Amino acid sequence: MDNVCEEAVFSNLFRTHSKTVYNYIYYKFGNQEKAYDAVQEAFVKLWENCAKVSPDKAKSYVYTVANNLYLNVIKAEKVRLKYAGRQKNTSYESPEFLMEEKEYKEKLDRALDSLPENQRTTFLLNRIDGKKYAEIAEMEGVSVKAIEKRMHLALKALRAQIDGI
Amino acid sequence: MQENYLAKWLNNELSEEELKEFKSSEEYASYQRILAASDQLEAPEFDLDMAWKDFHERSTTDDTKVIRMRPFQKMLRIAAAVSVLFVISYFYFNSLNETISTQYAQRETVILPDASEVILNAGSEISYSKKKWDQQRNIVLEGEAFFKVAKGKKFTVATAAGTVTVLGTQFNVEHRDGFFEVSCYEGLVSVSYNEVETQLPAGSSIVIFNGTIVEDEVAKNQSPSWVNDESSFKSIPFKFVLNELERQYDIEVSTQGIDTVQLFTGTFSNTNLNLALESISAPYQIKVKLKGNQVLFYAEETP
């Protein structure tokens, strides 16, 4: 069986997963610097132990290392996300609509921020990174059902916060 | 509506009826809007190439840097090795060697396990096995010592030049670089030198240096003069006399314009240096200078 020590295999793993590892840690703690360090640390560990980790385990290995790095160590900061303004004739929108849209995004930001860390991470991995529930379950080391629960609760909480219920 | 239906809805896993029911609910529009807005979200920038480059730097420096050691465990191992060594050497030296040595200007009396007595002259060393003493009375000597041997089994004094064997007697053995002397004061001593054995009755002595053997007489039933704080010489090269002087007083002796091979007969005190210097210099009409622990013997003509 081939292992991760091969340069090509490792490089491929890095290119496919480093961005997600970065986002994953960022969604949890809202700190870009820590997220970047976590990527480095996780892949350095993987490289050091490349002979012991098979390629199919490599993915969950890096998430586990990245996650353990800050376990209980740092306090979550504010998660700041950008909105990719889909360029659809925004100039034709009325000023009232634009204003309302801006307000809504701010509400969503606040709502996301007030979510529990595990719900926010699950929600954003799914919405931004397009990760399937099964993949998120593997990253977090929980069952798919637990991820579905988090997703469900995240949506409910977001709505409650935004609609002011 | 099934459990976690919002999650199922996102995954298109709701049945048609469920979907219909959900769409007709008043919160449906809210959820739709949340999804629409959140789908415009972007994570912060991540520069993959830079991260890859950084990774290479870190992983190469870490390769040389990260060596996990357990210093405590290492210490334990060393400590264990050292203590084993200690125990072994303790038993080894205990079973093999008892060593007694004297520095310059020092004399020591040693009582052996069978009550035999050894008086060590200055700058000498003896060693023997305490444990095996009952089976064999063996002593290794370097330098000079006077032996009063209790009656019993064979008593052997081994030097690099030759060995001396007795049953019970009093005798003196001296061996220092090229000079080997045995004097018997009581009983009978057997000296073997170059595989030639010489019987030495009481009142005789044998001096061997530079390969020549000279037999001589000593006073019976006495001790060598050094035991009584005097060093005596009879036709001994001058340099051996000076060496003995150095040993007795722990001083450094040098000469200037003096033939150190000429033979010396005489005695010097081992307790009074000035007297000793005079007894050596006067008969030869040479001068002597003492400064600190340096002594210079020089011929009269030279300054």
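Before I start, a word on conventions: residues are numbered from 1 along each chain as its sequence is written, and chains are lettered from A in the order in which they are written. Because this is a predicted model, local features need pLDDT of at least 70, side-chain atom pairs count only at pLDDT 80 or more, and totals for chains, interfaces and linings use all residues, while side-chain values use heavy atoms, with hydrogens and water left out.

Let me take the interface first. If we call two residues in contact when they have heavy atoms within 4.5 Å, then 39 residues of chain B are in contact with 49 residues of chain A. The area buried between the two chains, that is, the accessible area (1.4 Å probe) that two parts lose on being put together, summed over both, is about 4,300 Å², and carbon and sulfur atoms give 59% of that area. Three residues, B:Gln40, B:Leu41 and B:Phe46, supply 16% of the area that chain B buries against chain A, which is more than any other three residues.

Which elements of chain B give two or more residues to the side that touches chain A? Taking helices (H or I, at least four residues) and strands (E, at least two) as DSSP runs numbered from the N terminus, the answer is helix H1 (5-10), helix H3 (28-38), strand E1 (41-42) and helix H4 (48-65) of chain B. The largest share, 12 residues, comes from H4(B). On that side of chain B there are 19 nonpolar, seven polar and 13 charged residues, where Ala, Val, Leu, Ile, Met, Phe, Trp, Tyr, Cys and Pro count as nonpolar, Asp, Glu, Lys and Arg as charged, and the others, Gly among them, as polar.

Now to the charged pairs. Side chains of opposite charge can pair when their charged atoms come close. The rule used here for a salt bridge is a side-chain nitrogen of Lys or Arg within 4 Å of a carboxyl oxygen of Asp or Glu, and by this rule there are 23 salt bridges over all chains, with six between chain B and chain A. In one of these, B:Arg33 pairs with A:Glu100, and their closest N and O atoms are 3.0 Å apart. In another salt bridge, A:Lys145 is joined to B:Glu3, with the closest N and O atoms 3.4 Å apart; A:Lys145 lies in helix H7 (residues 144-163) of chain A and B:Glu3 in the segment before H1 of chain B, so the pair joins two chains.

Some salt bridges stay within a chain. B:Lys234 and B:Asp216 meet in one, at 3.4 Å from N to O, and this pair links distant parts of the chain, with B:Lys234 in strand E15 (residues 230-237) and B:Asp216 in strand E14 (residues 212-217) of chain B, 18 residues apart. In accessibility, buried means under 20% relative accessible area, exposed over 50%, and partly exposed in between (1.4 Å probe, protein chains only), so B:Lys234, at 52%, is exposed, whereas B:Asp216, at 27%, is partly exposed. In chain A, the side chains of A:Lys131 and A:Glu135 form a salt bridge at 3.7 Å, N to O; A:Lys131 is buried, with a relative accessible area of 14%, and A:Glu135 is partly exposed at 23%.

Leaving aside neighbours within four places in sequence, its contacts include B:Arg107, B:Glu144 and B:Trp226; B:Arg107 is 14 residues away in sequence, yet the two C-alpha atoms are 5.2 Å apart. The second residue, B:His175, belongs to strand E9 (residues 170-176) of chain B and counts as buried at 16% relative accessibility.

I will finish with helix H3 (residues 55-69) of chain A. Its buried residues, among them A:Ala58, A:Val62 and A:Tyr63, pack against helix H1 (7-29), helix H2 (32-48) and helix H6 (133-140) of chain A.
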